[in-house]
Amino acid sequence: QLQASGGGLVQAGDSLRLSCAASGRTFSSYAMGWFRQAPGKEREFVAAIRWSGAGTLYADSLKGRFTISRDNAKNTVYLQMNSLKPEDTAVYYCAASTVVDTIAPLYPYWGQGTQVTVSS
C-alpha cells in the first residue's frame, strides 16, 4: 500500500515536499514514480527513481524545479517541488514498479493521490 501526503494550497513561487510512504510490502527493490493529473487532463509523468536511488528520470518540463529522492530505510519516496506555478496544480500520485519508466501502465501499484493547488 502506498500513501501519498504533503499536498496543499500554496502560492506561486512556493515549495512543497510530497511524501509517499509504503506499507504492507517492502518497496525498497522497486522503482518509484510520481505522476500527476490535472482536471480534464490525462495523467502525466513527473519523475521516477530507481530502487537504489542512483538513477532518476524527470519530465523535461519539470527538470530543475522538481527533485525525487527516496529513503529505503523508511520505505518512503519524496518529491521536492520548488518555484511552483499555477499549472502545477493537480492531484499527485506515487506509484511503484519493477522498472523505472515514464509510462503509467507499467506501474502496478498506486497510492491514492494528494492534491496540490498553486494559486497565482
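The side chain of R36 makes a polar contact with the side chain of E44 at 2.5 Å, a polar contact being a pair of N or O atoms within 3.5 Å in which, within protein, one atom must be able to donate a hydrogen and the other to accept it, with residues adjacent in sequence counted only if both atoms are side-chain atoms. The model is predicted, so that local features need pLDDT of at least 70 and side-chain atom pairs count only at pLDDT 80 or more, while totals for chains, interfaces and linings use all residues. Residues are numbered from 1 along each chain as its sequence is written, and side-chain values use heavy atoms, with hydrogens and water left out.

A second polar contact joins the side chain of R36 to that of D88, at 2.9 Å. R36 belongs to strand β4; strands (E, at least two residues) and helices (H or I, at least four) are DSSP runs numbered from the N terminus. R36 counts as buried because its relative accessibility is 7%, where buried means under 20% relative accessible area, exposed over 50% and partly exposed in between, computed with a 1.4 Å probe on protein chains only. Beyond residues up to four places away in sequence, R36 touches E42, R43, E44, V46, L62, F66, E87, D88, A90, V91 and Y92, contact meaning heavy atoms within 4.5 Å.

Side chains of opposite charge can pair when their charged atoms come close. Four salt bridges are present in the structure, a salt bridge being a side-chain nitrogen of Lys or Arg within 4 Å of a carboxyl oxygen of Asp or Glu. One of them pairs E44 with R36, at 2.5 Å from N to O. E44 is classed as partly exposed because its relative accessible area is 36%. Another salt bridge pairs D88 with R36, at 2.9 Å from N to O. A network of salt bridges links R36, E44, R65 and D88. K63 and D60 also form a salt bridge through their side chains, at 3.4 Å from N to O; K63 and D60 are both exposed.

R70, in strand β7, is likewise buried but has no salt bridge. The nearest side chain of opposite charge, that of D71, is 8.3 Å from R70; Lys and Arg count as positive and Asp and Glu as negative, with His and the chain ends not counted. The side chain of R70 instead reaches the backbone oxygen of Y30 at 2.7 Å and makes a polar contact with the side chain of N72 at 2.8 Å. Leaving out residues up to four places away in sequence, R70 touches F27, S28, Y30, A31, M32, I49, R50, W51, G53, T76, V77 and Y78.

G53, one of the residues touched by R70, lies in the loop between β5 and β6 (56–58). G53 counts as partly exposed because its relative accessibility is 33%. The C-alpha atoms of G53 and S69 are 6.7 Å apart, and the two residues are 16 positions apart in sequence.

The structure holds one disulfide, defined as a pair of cysteine sulfur atoms within 2.5 Å. The disulfide is formed by C20 and C94, with their sulfur atoms 2.0 Å apart. Distant parts of the chain are linked by this pair, C20 lying in strand β3 and C94 in strand β9, 74 residues apart. The link is right-handed, with 65° about the S-S bond. C20 counts as buried because its relative accessibility is 1%, and C94 is buried because its relative accessible area is 0%.

The largest nonpolar core has 37 residues, a nonpolar core being a set of buried Ala, Val, Leu, Ile, Met, Phe, Trp, Tyr and Cys residues joined through side-chain atoms within 4.5 Å. W34, L79, M81 and Y92 have the most contacts inside this core. Two or more core residues come from each of β1 (2–5), β3 (16–22), β4 (31–37), β5 (44–49), β7 (66–71), β8 (76–81), β9 (90–97) and β11 (114–119). Apart from neighbours within four places in sequence, M81 is in contact with D14, S15, L16, L18, R65, F66, Y92 and V116.
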